[in-house]
Amino acid sequence: MEIPVRNPRTGQMDHRVAVTDTATLMDIAARLRLAQKGWRALGVEGRVAALRRLADALARHQEDLAGALTMDTGRARIARMEVDGVRGSIAGWCATVPGQLPEAWIQGRSNPAIRHAPHWVPYELVGVISPWNFPLTLSLIDAIPALLAGCAVMIKPSEVTPRFAGPLAAAILEAGLAPVLALVCGDGATGQALVDAVDCVCFTGSVPTGRKVAVRAAQRLIPAFLELGGKDPLIILDGANLDDAVTAALRGSVLATGQACQSLERIYVAAPIHDEFVARLVAAASKVRLNFPDIGQGEIGPIIFDRQADILRQQIADARAKGAMVLTGGEVVDHGGLWLPPTIMTGVTHDMAVMREETFGPILPIMPFVTVEQAIALANDSQYGLSAAVFAADLDQAAAVGRLLVAGAVSLNDAALTALFHEAPKQSFRDSGLGPSRMGMEGYTRFFRRQALIAQTGRPAPLSAFAEEAGG
Ligand code: NAD
């Protein structure tokens, strides 16, 4: 079976992807499990060397990979940045993980004759299911630390953006990693089959699908690490540097056409600076250019998934019908592919979908607030808790507000920093996800189960020590 693939710049179905059937997927899983034993036995230094070979192979396939990602996503510069970013991520993990896991014996506290040692046992087979917005990055973000931990990995990229899988598979083969790292292709059915085949699943995608994956994983009693959607708020307090706030708001909302989980989707501005902020943001947003017809120019790419354009249209229409004013953009532009210029709205309320549901597009709805408590309450009035941002006159003030936000990461005096800085451990709050941090050392240690070796250095206790008449 094949799935037709749409080109986001032209709107044409100009590619097809062959679906991995369930029987083949199960065969691949069995093969990966067999090879995992040798992979684990290599030790972390051996796996670091193998991952470095993969980074080198990715460099050799840079052109093919970036070209395929450009076709998948309709944007060229971010496509190249994805390849560079993955190589940087491999280098970072390889430099960090060796020697991280303590294995030494620890003297018992309650019984000094008994000591214990930790042993870190990787899951045999980790499954990765990824979305369409950063196809390469989000296919490898969990796979790299899982491989270094000694797991074999099976990845299912999104059926919306599968072109990069070919050049990625070529790089994996060239690096000698094919025995322990496999790609399977298909839609939700293939994703379900993958969950049925693995020992631990890393899912990045929407809340509704994440819920299905969690239920399936729960039935199998395997862990599901979920990285889901967001509705990130930005709070701008009186006294904040307005130029910086405008710069961060625009980039945080419009970068990657807003198709990023950590995109800003709601802006709350202190009433005294609201009008000035809006005026400056409108001026800045009006200069943003579509990367059409020339992909080599402009800041805003096409909407990758055509159904997402319907969601954007619906949210704009719903807001308009309920009294919002659209100050820039507001119409999806149809050049075959679909583009939405930055769309700034005022007069919005929490009765509108644009303030409650994930947008995943370059829409910036702005609301004034009177007190800081009100701003915090509005920001926290959401089913999501992925990340947030606060601008204030100084960092202490921003941090004080940030600590009261229900969000796994808060950018202070900037926005969407989780896209640019990957060292800070964080979890997704509320419906935005489940599981340990994907960043920081936990992003590695979550792929191990902890085995305890517990050693008797004296003599084993006889049963008689527990006889009714024994002891005092
Ligand atoms: P999606 O949930 O529609 O699909 C994600 C993946 O799940 C795809 O590969 C799809 O084929 C697969 N899938 C679909 N049904 C499945 C099932 N029943 N079982 C297993 N797999 C199944 O998401 P999307 O539209 O591709 O991506 C956009 C979403 O991803 C947004 O909500 C965005 O916020 C989220 N996202 C989150 C993060 C994060 O780190 N938190 C990062 C990027 C994107």
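The structure is a predicted model, in which local features need pLDDT of at least 70, side-chain atom pairs count only at pLDDT 80 or more, and totals for chains, interfaces and linings use all residues. Residues are numbered from 1 along each chain as its sequence is written, and side-chain values use heavy atoms, with hydrogens and water left out.

Strands β1 (residues 2–6) and β2 (residues 13–18) run antiparallel and are joined by five bridges. Strands here are DSSP runs of E with at least two residues, helices are runs of H or I with at least four, and both are numbered from the N terminus. Two strands are taken to pair if DSSP finds at least two bridges between them. Six residues separate β1 from β2 in the hairpin, and Gly11 in the turn has a positive phi of about 80°.

The domain assignment gives domain 1 as 2–228 + 432–454 and domain 2 as 232–419; such bounds come from an automatic or database assignment. The C-alpha centres of the two domains lie 31 Å apart. Contact, meaning heavy atoms within 4.5 Å, involves 20 residues of domain 1 and 26 residues of domain 2. Together the domains bury about 1,800 Å², with 60% of it on carbon and sulfur atoms; buried area is the accessible area (1.4 Å probe) that two parts lose on being put together, summed over both. On the side of domain 1, Arg6, Arg9 and Trp132 lose the most area to domain 2, together 37% of what that side buries.

The term refers to a side-chain nitrogen of Lys or Arg within 4 Å of a carboxyl oxygen of Asp or Glu. Seven residue pairs across the interface, both residues at pLDDT 80 or more, are in polar contact. A polar contact is a pair of N or O atoms within 3.5 Å; within protein, one must be able to donate a hydrogen and the other to accept it, and residues adjacent in sequence count only if both atoms are side-chain atoms. Helix α3 (residues 62–73) gives the most to the side of domain 1 that touches domain 2, with three residues.

By the rule for salt bridges, the count comes to 23. One of them joins the side chains of Asp72 and Arg163 at 3.4 Å, N to O. Asp72 lies in helix α3 and Arg163 in the loop between β6 (152–156) and α7 (165–174), so this pair ties together parts that are 91 residues apart in sequence.

Turning to the sheets, six strands form an open, mixed sheet in the order β7-β6-β5-β8-β9-β21. The edges are held by β7 (181–183) and β21 (433–434), each with a single partner strand, so one side of each is left without a neighbour in the sheet. Within this sheet, β5 (residues 125–129) and β8 (residues 200–204) pair in the parallel sense over four bridges, and Gly127 has Val201 in β8 as its bridge partner.

Another open sheet of mixed pairing has seven strands in the order β12-β15-β16-β11-β10-β18-β19. Here β12 (325–326) and β19 (409–412) stand at the edges with a single partner strand each, so one side of each lacks a neighbour in the sheet. Strands β10 (residues 232–236) and β11 (residues 264–270) are parallel and share five bridges, with Ile236 partnered by Val269 in β11.

Two backbone details complete the picture. A cis peptide bond, with omega about 0°, joins Phe292 and Pro293; Pro293 sits in the loop between α11 (271–285) and α12 (306–321). Phe360, a residue other than glycine, has a positive phi near 60° and is placed in the loop between α13 (353–356) and β16 (363–369).
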